[in-house]
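Hi there,

Here is the structure I promised to pass on to you. My notes on what turned up in it follow below.

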Amino acid sequence: MNAEGEWLPLWRHMDDAASMAGLLFDRWLAPSVVRRLAAEFGGSVEEARTAVVFLAGAHDIGKATPAFAIQHDTLAQRMRDRGLYSPPSKRDLVDRRLVHHSLAGHHILIEWLTANGWSRGRARCWGVVLGGHHGAPPDPVTEMNSPEFYEECYGTHTWRDVQTELLERVAATTGAARFLQRWQNVMLSAGFQVLVTGLVIVADWIVSNEELLPYLRDDLPEVIDDPQRVARALGRLRLPEPWRPGGVPEQVGELFRTRFALPKEAQPRPVQHAACEVAKNAAEPGLMIVEAPMGEGKTEAALAASEIMAAKWGAGGVFVALPTQATSDAMFARVVDWLDALGDDGQQVAGAITLGHGKARFNRLFQGLVRGSRIEVGRDDAHGGRRHAVAVHSWLSGRKKASLANFMVGTVDQLLFAGLKSRHLMLRHLGLAGKVVVLDEVHAYDAYMNSYLTRVLTWLGAYRVPVVALSATLPSDRRRALLEAYREGHRFGVEGKPVEFPDIPSTLNGDIGYPVVSWSEGAEVRTRAVEPSGRRTDVALEILDGGVDDDLDAVVALLRDTLADGGCAAVVRNTVRRVLATARRLEEQFPGEVTVAHSQFLIADRMRSDGALLDRFGSPSRATRRPGRHIVVASQVIEQSLDVDFDLLITDLAPIDLVLQRMGRLHRHQRGEGQNKRPKPVRQARALVTGVDLSGEVPEFELAAARHIYGEHALLRSAAVLLPRLGGQIALPGDIPTLVQRAYGAERIEPEAWRDASAEALARSQEKTRAREDKAGNFQIAEPSKPGKAIVGWVSADVGDTDDEGQGQGQVRDGAPTLEAIVVCEDDAGRWRVPEWLSDGAELRVPREETPSEELAQVLAACGLRLPLEFSNADAEEELWAATPPEWEYSPSLYRTPVLVIDENGRGELAGRRFRYTPTLGLEVFSTTDDA
């Protein structure tokens, strides 16, 4: 009953849920999920559908109890009038909170099934679906709150009769009664229990929506079937059907020309051919790992393979996961273009798409696809004003339902959350189970994140989800770990004991060729080395003298000499502190020719900066006005986020795979005649390494990189493999696999003088890795259990609801979650305004005594700034919230973010530290000896 006194009989809601589950099964589930559910019943789709509809119909049987009825006085009295006893008031049933209606349903269904001859163990696998339909299955402790101990909460006599009558009615109307005897011998897998719980949640949410299925005002209605009532509701919601790719070109060349706008005479590269051929010929879904150089078209290979896999295995969509928000934003546009090309080729793509990260609302293309609550073709002025094949469906928005959209592009956190104990986790699994999953830059994760990633891959293997993992530089132990994790899930059959798989062959270790495609196919693991495409860049490698922290004179001298005739250089530093110190010094020598890029910019400034970098240093088709001379000083954001091309690279030492990623920004594109031609002194690609001093017996590293960012052992191994190359060249891509496998292998490669330091660093690294993995395991879900075991306790000790902001990312990323604040400018009179460079010259006043308008709130949200770790503490957070107007809590766009105040010169103070923000340098935090 709602606040207006409208209500719905329990039988009607149960009927609605059953009918909705049937429609979702028929119209909305991906064929791959239907096939996975049917496998539990020997491949019978009819039985799988009937089981799903029965469980959805029974989901709220726990509401037929005194513990639930007593919550509303009017309804409780109506039940008393019909012989269903409950105490006079809630205070007379003090234990009612121990028996939530989902837990009551769990036990009532188990008792009903056991009364029909089932074993309790088999019955629990069905009852847990009811027990988990509010987001978390019961844990072993709460499951003990059973009818045996809380009879007054569950009801006796007439209550039991009503519960039995309702379940018998559901069994009869759904057709489950025909199969009950047979099903008592079925051992439901953990995957089935998780996916069906997710589907029941979706059905329950839809039929609980009063706008779609209005409540009643009249007396108790007649008990009649009305299936059209639910069909009409689903029609109004207009959930998109799963993508069903058809007409995939047989020839790989034709596939790439029609999907990626290649010229007619262009041919896919060998690794692209190989990925598509593996997808075509695989006998069953598996994990495919594509290792190929930067700029070799791995993304296009993954999307083309995804289309082939989706058509072959019945996936209803694609999820592309990337390391950062910036890479996700760039990929989102590419995926939309790909989907548009599919639509142009005659495919019925129309479906829902979402961008999965906390700043999606600032992506112009994503916002252009938002069209209210209807799935419809979108328009977007920022993307050519064309009509697109997909749109954003409002009901499938938000962190709990976003993964249910047909297509999703997002940060890898969205995938890792599927391994985190959290409420409504079943919805993430349901969304992933029906897709092809693409993992980009799979080498870019630390031990903590990899622990989550391997756990998620095990579940994807259990669901038979096709996965494509991409990397330019993947150590062999990570390759093996990923394949082992996926196979571990795949070996869990849907009945009986897990299948025994042979060990992965040792031929997968070390350097197995490059480019190379590795894939699992059931018990087998195969590899296919691929001919290089012929693209090659020889990079001259040097060490830049000048010490670890005092190299600015050497940097200035090198750039002054090398860029005398022009050219574009990148200076990559491992910390923002070093970025800013370098930029300030270079600006003195090259005024107006220095750009800064790092993570501590306002959202609006970072997006503008990324666009400007692509306009200046991107591909020739975009960067049509490349500067004659310019220097970009950047942090790690330049490694993966941007397709940029430089003539010269100066880089701090980092783990070898990251150094190679940075080198991949050298001579990335062919430069012809005219303005785009590279000046003669920089026509040879050249990289100089800084942040390390090799003059002593043991290398000395920049302190922050060695202690806090990468660790000393990784830097020692990187220095060891680069040392013999100094003064010579590194061939990209040919040398990539050799350098990576040597650096991450077990072979002793350090000079004799380094051995003791290396052994000590290795011990520290291993200890830290173990600690990270143990820490990650505290909140991870378990691997899929053997069939026939209920998922009771699956998310025990959960973290609550996951989110996309810093705190949510901290759940699946190591280290303290960083704070985020909204920057406002305060004038001498104490008035607040939006920083002037973001307001197009207008003075946008910010109210402090009232809630900002939504239009202004959106502008303020774009002033969000991720604060550095020195401000990730309780004192800083308390100070930020003390300055935040209480009225801001009523703004949907601002309510979870405090304010950071700067003066008209960009200066401020927080937690005893002075800082300054400017749109050119970003956030600068000063020590007590610095001049702010």
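Helices (H or I, at least four residues) and strands (E, at least two) are taken as DSSP runs and numbered from the N terminus, and the expected span of a helix is 1.5 Å times one less than its number of residues. Please note that this is a predicted model, where local features need pLDDT of at least 70, side-chain atom pairs count only at pLDDT 80 or more, and totals for chains, interfaces and linings use all residues. Residues are numbered from 1 along each chain as its sequence is written, and side-chain values use heavy atoms, with hydrogens and water left out.

Let me begin with helix α3 (residues 45-58). Eleven of the 14 residues in α3 are buried (under 20% relative accessible area, with exposed over 50% and partly exposed in between; 1.4 Å probe, protein chains only). Among the buried ones are Glu47, Thr50 and Phe54.

Ser32 sits in helix α2 (residues 31-38). Ser32 counts as buried because its relative accessible area is 12%. Leaving aside residues up to four places away in sequence, Ser32 touches Trp313, Gly314, Ala315, Ala433 and Gly434 (contact means heavy atoms within 4.5 Å).

Next, a helix pair. Helix α7 (residues 120-131) packs against helix α11 (residues 190-207) at an angle of about 35°, with the axes 9 Å apart; axes are lines fitted to C-alpha atoms, for helices over the stretch in contact, and angles run from 0 to 180 degrees between N-to-C directions. On the α7 side Cys125, Val128 and Val129 take part, and they meet Gln193, Val196, Thr197 and Val200 in α11.

Now the aromatic rings. Rings of Phe, Tyr and Trp (its six-membered ring) pair if their centres lie within 6.5 Å, and planes under 30 degrees apart count as stacked, over 60 as edge-to-face and the rest as tilted. By this rule there are 17 aromatic pairs. One of them, Trp118 with Trp126, is edge-to-face, at 5.4 Å centre to centre and 85° between the planes. Both Trp118 and Trp126 are buried. Trp243 and Phe407 make a tilted pair, at 5.4 Å and 55°. That pair links distant parts of the chain: Trp243 lies in the loop between α12 (227-237) and α13 (252-260), while Phe407 is in strand β5 (residues 407-411), 164 residues apart.

Best wishes
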